[in-house]
Amino acid sequence: MHLHKYEKIWLVFGIGSLVLFLAVLGVAAFAFGHQPPSHMAKVDSQNLDQDVAFSEPGVTQINDNTYQARIIAQAFSYKPSRIEVPVGSTVYFEITSADVVHSFTIPETNINFMVTPGHVNMAEHTFNEPGEYLVICNEYCGTGHHHMQMRIEVTE
Ligand code: CUA
């Protein structure tokens, strides 16, 4: 009978711990929201033409040498297909996808990230060398994947 009593105590303790653990886990998950890591804002990929930020993608000057570039990636191009900034500019990229997962990759820079539909994917880069920078898609997105690219013109 004593054994039975201890078994019961341990059983209650075990279930209690499990419930407490799950409760803590659940509260933690919902309290902070199930969001992808930082640098992500949401956007409706089905209605980009009505979106405040993405209805007119392109470059906006923020101040002297700071620019914001909003770009839409879609199979198999970027919109716009070419942007221009003066040398020395820091460009804040905000990129989203109108369809599937693409990437926004500028070879030989630190810019190389996935572009996911429904999210605004952000990164910044300072262009200290003038010239034409090629942007390519590094994420297989369909038959035209290898032709998906755009250009960034960094002028003197
Ligand atoms: Cu877009 Cu590969």
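Strand 3 and strand 6 pair in the parallel sense, with eight bridges between them. The model is predicted. Seven of the nine residues of strand 3 are buried, so the rest of the structure largely encloses this strand.

**Pairing of strand 3**

- Strand 2 (residues 58-63) runs antiparallel to strand 3 and is joined to it by five bridges.
- In that pairing, Thr60 stands opposite Gln68 of strand 3.
- A hairpin of two residues connects strand 2 to strand 3.
- Strand 4 (residues 77-79) is also antiparallel to strand 3, through three bridges.
- Ile72 stands opposite Lys79 in strand 4.
- Two residues form the hairpin link from strand 3 to strand 4.

**Largest nonpolar core**

- This core holds 24 residues. Ile71, Tyr78, Phe93, Phe104, Ile106 and Ile152 have the most contacts inside it.
- At least two core residues come from each of strand 3 (66-74), strand 5 (82-86), strand 6 (89-97), strand 8 (112-115), strand 10 (131-136) and strand 11 (149-155).
- Leaving aside neighbours within four places in sequence, Ile106 is in contact with Phe93, Ile111, Phe127, Tyr133, Leu134, Val135 and Ile152.

**Second core**

- A separate core has six residues, including Val43, Leu48, Ala53 and Phe54.

Methods. Residues are numbered from 1 along each chain as its sequence is written. This is a predicted model: local features need pLDDT of at least 70, side-chain atom pairs count only at pLDDT 80 or more; totals for chains, interfaces and linings use all residues. Side-chain values use heavy atoms; hydrogens and water are left out. A nonpolar core is a set of buried Ala, Val, Leu, Ile, Met, Phe, Trp, Tyr and Cys residues joined through side-chain atoms within 4.5 Å. Buried means under 20% relative accessible area, exposed over 50%, partly exposed in between (1.4 Å probe, protein chains only). Helices (H or I, at least four residues) and strands (E, at least two) are DSSP runs, numbered from the N terminus. Contact means heavy atoms within 4.5 Å. Two strands pair if DSSP finds at least two bridges between them.
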